Amino acid sequence: MKVPALTFGSLPLATPLLLSPLAGYTNLPFRRVIREVGSVGLCTTDLVNARSLLERNRKALKLIESCAEDTPLAVQLFGSVPEEMADAAQVLESLGVASVDVNMGCPVRKVCQVGGGSAMMTELGRTSDLVRKMVNAVRIPVTCKMRLGWDDENLTAPDLARALEATGVAAIMVHGRTRQQGFDGSVNLAGIRHVVAAVNRIPVIGNGDITSPHAAKTMIDATGCAGVSIGRGAFYNPWIFAHTMHYLETGKLLPEPSFSERVRVMSRHFDLMIEVFGESLGCTMFRKVGPWYAKRFGPASLFNKGIVRIATRVDYHALLAQYVSWRAQFLDDDGQLLRKYSPAPHALNFRDEETEASDAPAVTRREAIPVPAGPNELW
């Protein structure tokens, strides 16, 4: 099946699969790994404070650090002052960024308290005025990422999407949970479907608990969204974009990556962390990254205990060699992981209230999806 092309305004995307911003994780090394594995249409940075960017804050500039291979790139901004958001968008345009995304979904208290993130969903008029000022300030596409609403009593996403379309935004990304939910509970497919129905011309991108090609196709089929944006699922599986495109095009699932392939990509990620952040900081930052790769290794207690102590490149490679030797006890004669030690397949974590209210077959099964340690665990 030919997958429909996706464009954000004048920006054509190679695939309808996007890397979501993930606070503390979607830095340049991770984006480069995702691009090298293949089939991602657009990568977005960690969220960046507009005022900090205008002040040329060192940390803000590091968040938007890029390179020739890291394209097309979107930068996600948060803030509540229209002039600052518009000026920051102009700075990003001058730096060659392909698109600017406005964060309206972050439920972190410190972001909402200043009127940014999910708080923007509670004041449609003020939010529309802010976004319109940004759209008018730049030629590159401006997009918005939101949740379904503040809570179940205030599902404002359809009304906000309609208002934002009138301002000239190029696309809407919607996470199928409310701010009140954080990352708890299931993703509401009906809520995303209502946002799709609310707009006339612009694409709506679905988001939330896309941990497998099957989950991506289920969300697209159930909501009519033009594509999906994947965050935590890409940390479970950097191959998810390539495997999802193959599944959408052929209806067939590719085999899981081998252990050696997982180690190769993990080590590439480690090398890029050192290249971008230096050996000391790169190793420290990788301590929270390694265990996510290990979730699909099978038994990994030795690796997980050791990775949180690495301080040098030598430490990493010594640990890896020790782990490969230790892991051999869980393999069969062909070198494959014994079935009883194989990681369980990813379950869907969706609900569709409208489908469930009828007698139609259920399309979902609930399962908790872990959240990476760091800023996201407070969401």
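Colleague: Which residues touch the most other members in the largest nonpolar core?

Modeller: Bear in mind that this is a predicted model, where local features need pLDDT of at least 70, side-chain atom pairs count only at pLDDT 80 or more, and totals for chains, interfaces and linings use all residues. Residues are numbered from 1 along each chain as its sequence is written, and side-chain values use heavy atoms, with hydrogens and water left out. A nonpolar core is a set of buried Ala, Val, Leu, Ile, Met, Phe, Trp, Tyr and Cys residues joined through side-chain atoms within 4.5 Å, and buried means under 20% relative accessible area with a 1.4 Å probe, protein chains only. The largest one has 96 residues, and those touching the most other members are Leu77, Met104 and Ile172.

Colleague: Which helix gives this core its largest share?

Modeller: Helices here are DSSP runs of H or I, at least four residues, numbered from the N terminus. The largest share of the core is 10 residues, and they come from residues 259-277, helix α12.

Colleague: How many residues are in the second, separate core?

Modeller: Leu11, Ala74, Ala170 and Met173 are included in that one. Its total is 12 residues.

Colleague: And what share of the protein chain counts as buried?

Modeller: The protein chain has 379 residues. The share that counts as buried is 57%.

Colleague: What share of the accessible surface belongs to carbon and sulfur atoms?

Modeller: Using the Shrake-Rupley method with a 1.4 Å probe, the protein chain's accessible surface comes to about 16,100 Å². The share belonging to carbon and sulfur atoms is 51%.

Terms used:
Buried < 20%, exposed > 50% of the residue type's maximum accessible area, 1.4 Å probe, protein only. Helix = DSSP H or I, 4+ residues; strand = E, 2+ residues; numbered from the N terminus.
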